[in-house]
Amino acid sequence: MASCRQMGIGDGAGWRAGELKMTTTPKAHDEAYRIDREPYYLRTSSEITLFETAFHTGLPMMLKGPTGCGKTRFVEYMAFRLQRPLITVACHEDLFASDLIGRYLLKDDETIWVDGPLTRAVRMGAICYLDEIVEARKDTTVVIHPLTDNRRMLSIDKKGEVLQAHPAFMMVISYNPGYQSVLKDLKQSTRQRFVSLEFDYPPAEKEAEIVAHEGDIAMDTALKLVTLAGKIRNIREQGLTEGASTRLLIYAARLIRKGIAPEQACRCAICLPLTDDVRLQETMNDLIEDVF
Amino acid sequence: MDNSIETLFAADPQLAEAVNARLLEKDEPVDEHTIGILVAESIRGLCRETAFGWAVGLGMVELAGRVTPENLIEYRNIVRQAAREGPTLGRIMATHLVAVFLHGSRALLNHFLEVTRIMRIKGTYTLNRPLEALSILLKAGDQKSAHAYLALLEAAFSWQLNYNQCLRLASLLAEAAAVFDGTKRTWQLEQLQRVIRIDHHLGQALLDGMQKGVQRLDRPALEDFVGLGLEKYRQRARLGSKFFSLDSKTGRDTCRQMQICVGLDEVQERLNRYLNARTAMPLAVRPVSALTQKHARVQESGPGVCSDGRFIYLPDEIDTFSRRSENLYLYQVLTRLEAAFYEFATFDFDLQKALEQSLKTSPAKMSGALLQNFALRLEKIHRGDHEAALDKGGCDLQQFFNLFLLPALAADLFTIFELARIRVLLTQRYSGLVQRVMPLLHQEASAGARKPGHPLGALYLRLALDMDPTGVRGTHPRHSAFAEKTAALWQAAAGSELTVETGAVIVFQTYFEAAALADCPGSGLAADGFYPPFPAPFGWRPRPELFRSTEPQIDRLAARLKAALARRDLVVYKSDLIIRLRQQNGHLDDRDIQDLAGSPLPPGLDLEHLLDDADLRSATDLHVDAGGSPVFWYREWDCRLADYLQRHVRVLERPVQGPANGFFRQVLRRHRGLIQRMRYAFEMIKPRGLTILRQWPDGDEFDYRALLDYALDRRAGILPSDRLYIKRVKQRRDVAVLLLVDLSRSTANTVPGSDATVLEVEKEAIVILTQALGVLGDTFAIAGFSGNGRLGVDYFRLKDFEENLSDAVRRRIGAVSAQRNTRMGAAVRHAAVQLERVPARVRLLIILGDGFPNDLDYKRQYAVEDTRRALFELKSRSIYTHAITVNQTADPELDNLYGNIHHSVISDVRQLPDKLVWIYGRLTRS
Ligand SMILES: Nc1ncnc2c1ncn2[C@@H]1O[C@H](COP(=O)(O)OP(=O)(O)O)[C@@H](O)[C@H]1O
Ligand SMILES: [Mg+2]
């Protein structure tokens, strides 16, 4: 279920869809980031409307939820739907501010400036998706702050340039609250800049439909996989902090599709990736035996 | 000399009384002559020693009339002869010969005399306990074991032994006879004898092993096992001994490989984890021997299953099959079957729904009485009299059965329809399970069919198992015809909507025909109205009479609400209310009622008032003496008022003074391996111990990226930055953690499969955690809490933040013990105050408990809400919390209490020492 919560943001920049002037962005520039085929996305709640509203209001958005439940797919779909380019950055602990903003490089005795993905997105009015934001260094997270309040600007210190964001620019971050490290929590000052959508595994029927579609398997097999996942998600004992994700179910479905025996497919695609604990694996195997 | 009983009265009136009483109990009067001998001999004995006289008197009266006069004389002579060596020996013989004469053969008597002769040489003191054990065997009618036991005694006491060895052997062998299991006892004793013949020291070893798994070996396996052990012993005595006691790995492995029988304790954890995943309910398995109710007997014979809403009862051990894996599998099958009642909500059966739906189905052809019964009861429910009926008539299912003249027949019919529903649901979702389980049920059912056919046998096969009953032996054609017809009826009803009440409707429709069938002469049943219940395979059927709701307060609440609404002509089903209340943790609002009833809440109905559980308000203020301890007052959240009660709870800081104890050191020693591994792992968590600062004005190395920028800037004519270095600085984790341990009474329970209590295991885990914290250098404190009532919450400071892990601290950890209740909120608030005093960037509170908060007028929802509130308060003060619950199955209510990502459940507390450090590591990884 997706739910929307607005977190302490004043009126966003007053850009409306109708005012968009595409001329500011040379077509060729953003082509690489366009999504030209409609990604398959099954809506689970009112998340599409909420995202669209945030986009048109110039608000940044945070997608909360466990891994593999459709956050990335959703952003891709929205980018297509809104006809905006999408620039995705997977965050990690060695990601520096300059990796986002850009840097000078040496080329044929010349120094040239190369925009980082964030700068590029800000210029061309793309959706910039920072995946797993908590993994980034704290000092890196700070550079997005001026972009995510009503200033909507990015300062490039190296060049002494201050960029006003393209009206269609949108910042989206994803955040997995299941990461339990108290040392790695997202800072309040960062959190409170985003409108949040909460993602969870889709309801059984929908999830089965997704698995059947993405894994190209029959609906009843998909339903079984989803039943299994539901049971595995009940195991909230130590060592299994996250349940079986939709993504893992799709993997299993694809293996089954290629003729691997369902039990084995589940073991390889679901059990083993989830945990190393032999006892939990035993329980999962018990459940797999029940279902197939 | 007059030898009537009066003479005995003169000598020892109490003995005479006892003898007389026993004489009167006899079916046939005992002749004067015998009584004469009895009296004379007793008095003779009394003259030597009172106890001896008593033994003779009671022994002879026991024998009188049950053995021949010659035997009685023989008894007398043997006792007399023994008494020459002293009255003690006389007494022992007089007592224990009784069972030999009564239950043993001549050969046994001779064997007995021979063995006691040998034992007497070692001393009279060796006789008492082993002979007591022998008498028990004989009284149980186990002559074979008695022989084996005598042979064992003979082998043991033929050794050259000193006093202590004799004493030890005597008690060991007495214990052996008592622990060995009935059917296996004889050959187990034989094997014990075989071992003792080689070396009497080995007896203890084998007996130890017997309690750890060897007892599960069948006869040939035990023989092999002992043979192997003796071989080991010949190579090296110590190895053999360790092999038998299962203290060596070879011993354990060998035993496990040979073992066919499976004990519940071996599979319990696995089954519990499965149940948890399958039903998401706090269900656990238990041995059926733990089930006290008499009527709870699962099955006439063979393994079976039943459950009571909280526990699923399984055989203590299973040795049905000749292969271990199959026995193990049977445990899994039984668990899986029983779990279905919970997964598919059999016990959510709603009487009102059942009655309404029944009455809707063509009642025209129904006979009057039942129809009337149904209608009357429904009317009562509509009037709102349901609540009163609830306590008397048991749960809804039972009440439903009791509407019929033969409740057992109604129950059987319902069972079969319910099993059919479950079969359908299982087939939809668990095809693997169905494929594996159905054959077993078939097999078990056809084994049952060999007995004279039960009238519902065919229906069971047809519906519960989806099998064609016509070919099955013992099936009467009338039974199969009824089965066919009823199955058609069921299928028609099931086609539209399949609920647990569907079964009840069909019971209503088929009851009379089934009753007629049960009465028919060919069925082999008594025609006097007695109906023998259908023997369901594995005893697998819903057992409403055992069922106890895990949330009786919710049920009561629902019944009360239902009645109140009914009086205002609002139709809301109780089961719907229960389900909604469960989902919302005992809360409902106007919208819920609107939802369920289809019309708004009538004015004048105070929902809040109805929901206010009277149980929560038995306020009894306790006056606890603070005894000079520092006192702190805290507020408490009252969820009924939705407000804080200010200065409501008094926390007393209690000192812990332990005597010097080696606990801490012992734990360190015992877990040497784990601690080493853990230290290593934590060295890794500390990421190189260093933080790399890039673009730093000074340092030991150049920063490559900064250097590049430098070159570029210079070329571009920009003033380059001088921040060109990399500096490595020691990283400061700066974490302060307080470990708050629940010391409630329940932590004194022993952990299954060991002698340790829950708290002892928790303390072990704490000791290990202190080592981890030492590696990481995190500041930490440890405190315990418990108490009694709102004025007496005890808080024990075991280690303060600024304290080192001194001897005093170690002593306190060793000394702290289980106390009383858990008023969690106040303890958490007090802990928070401690945490706030330490300067640290990250503050973390870890709560270690074994269940839900609970104290005087601090129960259930009230307790949960206050605790949750306290945790919210912490969050707002930037204190992280994480709760660890041990010895409980995962429970959605725990999620509710702590927030789903802020707690861990460790059902098997024995894993805590391992896992606590691991959880801590994950919680604070950087
Ligand atoms: N609502 C949905 N509609 C379509 N596909 C979905 C949906 N939810 C999940 N998926 C599938 O699950 C997979 C994993 O989702 P992804 O977006 O990568 O997860 P996340 O970004 O949350 O980790 C996707 O590749 C997609 O196939
Ligand atoms: Mg993703």
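I call a crossing left-handed if the near helix is turned anticlockwise from the far one by less than a right angle, and right-handed if clockwise. The model I looked at is predicted, so local features need pLDDT of at least 70, side-chain atom pairs count only at pLDDT 80 or more, and totals for chains, interfaces and linings use all residues. Residues are numbered from 1 along each chain as its sequence is written, chains are lettered from A and ligands numbered from 1 in the order in which they are written, and side-chain values use heavy atoms, with hydrogens and water left out.

**Entry: a helix pair in chain B**

I looked up α18(B) and found that it passes α26(B) in a right-handed crossing; helices (H or I, at least four residues) and strands (E, at least two) are DSSP runs, numbered from the N terminus. Helix α18 (residues 351–360) of chain B and helix α26 (residues 500–519) of chain B pack at about 45 degrees, their axes 8 Å apart, where axes are lines fitted to C-alpha atoms, for helices over the stretch in contact, and angles run from 0 to 180 degrees between N-to-C directions. That angle makes α18(B) oblique to α26(B), since angles under 35 degrees count as roughly parallel, over 145 as roughly antiparallel, 65 to 115 as roughly perpendicular and the rest as oblique. I noted the residues in contact (heavy atoms within 4.5 Å): among them are B:Lys353 and B:Leu359 of α18(B), and B:Glu501 and B:Phe508 of α26(B).

**Entry: the open sheet in chain B**

I then followed an open sheet of 3 strands in chain B, with the order β2-β4-β3 and mixed pairing; two strands pair if DSSP finds at least two bridges between them. β2 (284–287) and β3 (306–307) of chain B each have a single partner strand, so one side of each is left without a neighbour in the sheet. β2(B) pairs with strand β4 (residues 311–314) of chain B in the parallel sense over 4 bridges, and B:Pro287 stands opposite B:Leu314 in β4(B). Helix α16 (residues 264–279) of chain B packs on this sheet, touching β2 and β4 of chain B, and its direction makes about 155 degrees with that of β2(B).

**Entry: a hairpin in chain B**

I found strand β6 (residues 631–638) of chain B running antiparallel to strand β7 (residues 643–654) of chain B, with 7 bridges joining them. B:Phe632 stands opposite B:Val651 in β7(B). The hairpin has 4 residues between its strands, and B:Ala642 takes a positive phi near 55 degrees there.
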